[in-house]
Amino acid sequence: MVGNRLHADYQVGDTVQLSPPRGEFVFDATKISPSAPVVLLSAGVGATPMLSILDSIRDTTPGAGSGGRPRDVTWAHGARSSDAVCYGRHVRQAAADADANLTAKVFLGSVAEGDVKGVDYDYTGRFDLGKLVADKVLPLERADAEYFICGPKDWMILVRDGLQANGVDTEKIHLELFATGGV
């Protein structure tokens with residue numbers, strides 16, 4: 001509703017007044033230990049809030065060059081094809097940063113000619129939490145790790161259930177359905 005109104009009623013350069021997010025799907029660094037790992041799991045356009053969280057962590061966490069240790073972050077994303085990976089290059093570049101403690105993994109449903117494993121994608125097929133668990137990508141041994149999930153409703157429920165089956169406390173799993181109702 002808001003997006004449609006912005007497109008219909010406003011032009012580039014117009015001024016709008018915004019308020020902070022009011023949903024439950026908000027990263028609040030003051031409520032999470034600075035040493036707690038953060039895991040960002042997304043599918044499709046669910047990468048959008050994950051990018052905001054990632055950039056917020058990178059902007060507010062001291063890097064190794066400043067004497068502080070950056071927060072461990074894992075970003076895993078599922079997309080239909082390399083053309084549909086939202087912000088993939090941005091995240092891969094952030095992971096390559098010498099001060100980053102960022103692990104980035106991409107699942108592609110369909111690998112195209114020219115896609116390079118380790119550059120454009122890491123896994124073929126649908127997003128599979130089991131592959132991340134098997135490859136020890138997730139900090140499952142850390143009870144303080146926080147998990148943020150965003151994507152299609154059924155996918156989010158599947159990932160949440162998978163995390164719980166792997167011992168992640170429900171209180172450490174954050175997701176929100178961006179529609180009427182809840183998950």
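Helices (DSSP runs of H or I, at least four residues) and strands (DSSP runs of E, at least two) are numbered from the N terminus. This is a predicted model, where local features need pLDDT of at least 70 and side-chain atom pairs count only at pLDDT 80 or more, while totals for chains, interfaces and linings use all residues. Residues are numbered from 1 along each chain as its sequence is written, and side-chain values use heavy atoms, with hydrogens and water left out.

View 1. Of the 183 residues, 36% count as buried. Here, buried means under 20% relative accessible area, exposed means over 50%, and partly exposed is in between, using a 1.4 Å probe and protein chains only.

**View 2. Arg71 is a buried residue without a salt bridge.** Look for Arg71 in the loop that links helix 2 (47–60) to strand 2 (73–79). A salt bridge would need a side-chain nitrogen of Lys or Arg within 4 Å of a carboxyl oxygen of Asp or Glu. For Arg71, the nearest side chain of opposite charge is Asp144, 7.3 Å away. (Lys and Arg count as positive, Asp and Glu as negative; His and the chain ends are not counted.) The Arg71 side chain does reach the backbone oxygen of Ser33, at 2.8 Å.

**View 3. Leu6, Tyr10, Val16 and Leu18 make a nonpolar surface patch.** The patch covers about 390 Å², with areas from the Shrake-Rupley method and a 1.4 Å probe, and only the protein chains shown counting as cover for residues. Patch residues have over 30% relative accessible area and no salt bridge; nonpolar side chains (Val, Leu, Ile, Met, Phe, Trp, Tyr) are joined within 5 Å, and like charges within 9 Å. Val16 sits in the loop between helix 1 (2–9) and strand 1 (38–43). Val16 counts as partly exposed because its relative accessible area is 40%.

**View 4. Asp55 and His90 are 10.0 Å apart in space, C-alpha to C-alpha.** Along the sequence, 35 residues separate Asp55 and His90. Asp55 belongs to helix 2, and its 22% relative accessibility makes it partly exposed.

**View 5. Lys136 has a positive phi of about 55 degrees, although it is not a glycine.** You'll find Lys136 in the loop between helix 4 (129–134) and strand 5 (146–150). Lys136 counts as exposed, because its relative accessibility is 70%.

Terms used
A polar contact is a pair of N or O atoms within 3.5 Å; within protein, one must be able to donate a hydrogen and the other to accept it, and residues adjacent in sequence count only if both atoms are side-chain atoms.
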